[in-house]
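Student: I have not seen this structure before. Could we go through it by question and answer?

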Amino acid sequence: MRIVIVGAGFAGMYAALSAARLRDIQGVAPEMLEIVLVSPEPTLVVRPRLYEANPETLTAPLLDVLKAIDVVYLQGSVETIDTKVRAVKITTAGRAEQIIAYDRLILATGSRLFRPDIPGLAQYGFSVDQLGDAIALDRHLHDLAKQPSSRMRDTVVVAGGGFTGIEAATEMPARLRATFGKNANPRVVIVERNDVIAPDMGTGPRPIIADALHELGVETRLGVGVASLEKSGVSLTNGEHIETATVIWAAGMRAAPLTAQIPAERDSSGRLLVDRELRVPSVSGVFATGDAAKALCDDKGTYALMSCQHATRMGAFAGNNAAAELLGVPTRPYHQEAYVTCLDLGAAGALFTRGWERKVEMVGDAAKKTKHEINTVWIYPPRAERAAALASANPERVTDL
């Protein structure tokens with residue numbers, strides 16, 4: 001029997017850990033239930049931190065962890081999925097093709113930033129979505145440091161005033177001074193189509209965010225969007241033109257394209273609709289998890305978000321349930337009633353909220369300390385020691401906030 005997991009992000013990592021945990025609990029040898037994780041690199045990209053400087057350091061190795069729990073790592077990219085014969089075609093690192101059969105498939109392919117067809121966006125826009133994107137932005141800023149100070153060089157426009165956009169924007173003033181010199185006078189502007197900043201955060205956190213932006217000197221343009229980009233600036237839908245060499249796109253996410261190969265229903269973001277066990281109901285043997293899945297996380301009709309917080313726990317349930325089906329033991333319905341947010345606000349601290357109503361619990365330095373712990377401890381892989389790694393993947397305890 002074989003479980004194939006596609007993707008080594010938070011959901012894929014925890015799917016592997018949890019499947020191996022249940023296999024171990026049931027006393028089944030790895031040779032009897034093979035768990036294979038497929039990804040281009042045996043690393044976890046710490047995606048929630050890609051708004052920071054030095055993004056090339058924001059990865060964590062997975063190979064030793066996978067070896068410790070007897071999960072097979074296969075380096076490559078899944079190109080096609082054939083759900084009728086239960087097989088995937090993989091292009092390996094050497095560009096060779098390999099076909100692997102599966103008994104259960106877990107699609108943990110994550111999400112990608114949605115880039116609309118705005119003139120100049122593909123040529124001149126940056127992002128902090130994927131590791132390569134963040135590295136390209138970092139190099140661009142260091143290249144700008146070689147140029148003399150100017151309005152264009154020293155201005156950064158962030159398109160999108162949601163969670164990612166705010167973190168990128170509030171980190172930028174200090175980041176630009178560190179790159180351009182302490183006497184630099186950076187200008188940061190957030191452009192948001194909605195009439196308020198942080199439209200999904202609610203009325204409680206919003207004044208705190210606004211105060212932080214004011215403290216940092218971050219400007220906002222609300223109720224407008226980006227009309228076009230060029231090398232030296234960005235034009236907004238209200239006719240305003242802002243001189244800048246750096247536009248960071250941070251608006252909208254879509255499930256990774258591989259989900260389209262599963263013949264099943266998807267939502268407007270490309271996520272596969274799954275049942276409470278995270279199965280794709282219309283396709284036998286296929287589970288979807290993390291940002292690839294639209295899943296109910298409680299009995300009130302609340303759906304999991306495209307977030308690290310939801311992906312880790314969803315991954316643990318998907319891995320457990322895929323293994324449970326093959327081992328003939330009961331599955332566990334995914335649930336995640338607790339929900340918190342911790343928004344980095346750069347030099348202005350951070351903001352910690354609890355619940356879907358976003359009740360503010362901590363602000364400033366106290367929240368910043370929690371954010372640091374989340375970013376440097378909580379979201380990293382467990383240590384590469386078998387017992388500890390397996391214990392970390394109990395679905396009922398992962399991300400139990």
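Student: Is Arg332 buried, partly exposed or exposed?
Tutor: This is a predicted model, and the value is computed from it. The relative accessibility of Arg332 is 30%. Buried would need under 20% and exposed over 50%. Arg332 therefore counts as partly exposed.

Student: Which side chain meets that of Arg332 in a salt bridge?
Tutor: The N to O distance of this salt bridge is 3.4 Å. The pair links distant parts of the chain, 64 residues apart: Arg332 is in the loop between α7 and β22, and its partner is in the segment after α9 (386–391).

Student: How many residues apart in sequence are the parts tied together by Lys368 and Asp344?
Tutor: The side chains of Lys368 and Asp344 meet in a salt bridge, 2.5 Å from N to O. Lys368 belongs to helix α8 and Asp344 to strand β22, so the pair ties together parts of the chain whose separation in sequence is 24 residues.

Student: Of Lys368 and Asp344, which one counts as buried?
Tutor: Lys368 has a relative accessible area of 27% and is partly exposed. The cut-off for buried is under 20%. At 6% relative accessibility, the residue that counts as buried is Asp344.

Student: Which residue forms a salt bridge with Asp299?
Tutor: Asp299 lies in the loop between β21 (293–294) and α7, and its partner in the loop between β19 (272–273) and β20 (286–288), so the pair ties together parts 23 residues apart in sequence. The closest N and O atoms are 3.2 Å apart, and the partner is Arg276.

Student: How many salt bridges does a search of the whole structure find?
Tutor: Some residues are linked in a network of salt bridges: Arg104, Asp275, Glu277, Arg279 and Glu325. Other salt bridges include the one between Lys368 and Asp344. For the whole structure, the search finds 25.

Student: Is the aromatic pair of Phe317 and Tyr334 stacked or edge-to-face?
Tutor: The structure holds two aromatic pairs. In the pair of Phe317 and Tyr334, the centres are 5.7 Å apart and the planes are at 75°. An angle over 60 degrees is the cut-off that applies here. The pair is edge-to-face.

Student: Where does Tyr334 lie?
Tutor: Both Phe317 and Tyr334 are buried. Phe317 is in helix α7 (residues 308–327), and the pair ties together parts that are 17 residues apart in sequence, because Tyr334 lies in the loop between α7 and β22 (340–344).

Student: What is the angle between the planes of Tyr339 and Trp356?
Tutor: Tyr339 is in the loop between α7 and β22, and Trp356 in the loop between β23 (350–354) and β24 (359–363). Tyr339 counts as buried at 7% relative accessibility, and Trp356 as partly exposed at 25%. The ring centres are 4.2 Å apart and the pair is stacked, because the planes are at 15°.

Student: Which residue lies over the face of Phe114?
Tutor: There are charges over rings here, including Lys294 over the face of Tyr303, at 4.6 Å from the ring centre. For Phe114, the distance from the ring centre is 4.1 Å, and the residue is Arg254.

Student: How many residues of α1 are buried?
Tutor: Helix α1 covers residues 10–25 and reaches 22 Å from its first C-alpha to its last, close to the 22 Å expected. The helix is followed by Gly27, whose phi is positive, near 70°. α1 is mostly covered: of its 16 residues, the number buried is 14.

Student: Is Arg358 buried or exposed?
Tutor: Arg358 is in the loop between β23 and β24. Its phi is positive, near 55°, in a residue other than glycine. At 12% relative accessibility, Arg358 counts as buried.

Technical notes: Residues are numbered from 1 along each chain as its sequence is written. This is a predicted model: local features need pLDDT of at least 70, side-chain atom pairs count only at pLDDT 80 or more; totals for chains, interfaces and linings use all residues. Side-chain values use heavy atoms; hydrogens and water are left out. Rings of Phe, Tyr and Trp (its six-membered ring) pair if their centres lie within 6.5 Å; planes under 30 degrees apart count as stacked, over 60 as edge-to-face and the rest as tilted. Helices (H or I, at least four residues) and strands (E, at least two) are DSSP runs, numbered from the N terminus. Buried means under 20% relative accessible area, exposed over 50%, partly exposed in between (1.4 Å probe, protein chains only). A charge sits over a ring if NZ of Lys or CZ of Arg is within 6 Å of the ring centre and within 35 degrees of the ring normal. The expected span of a helix is 1.5 Å times one less than its number of residues. A salt bridge is a side-chain nitrogen of Lys or Arg within 4 Å of a carboxyl oxygen of Asp or Glu.
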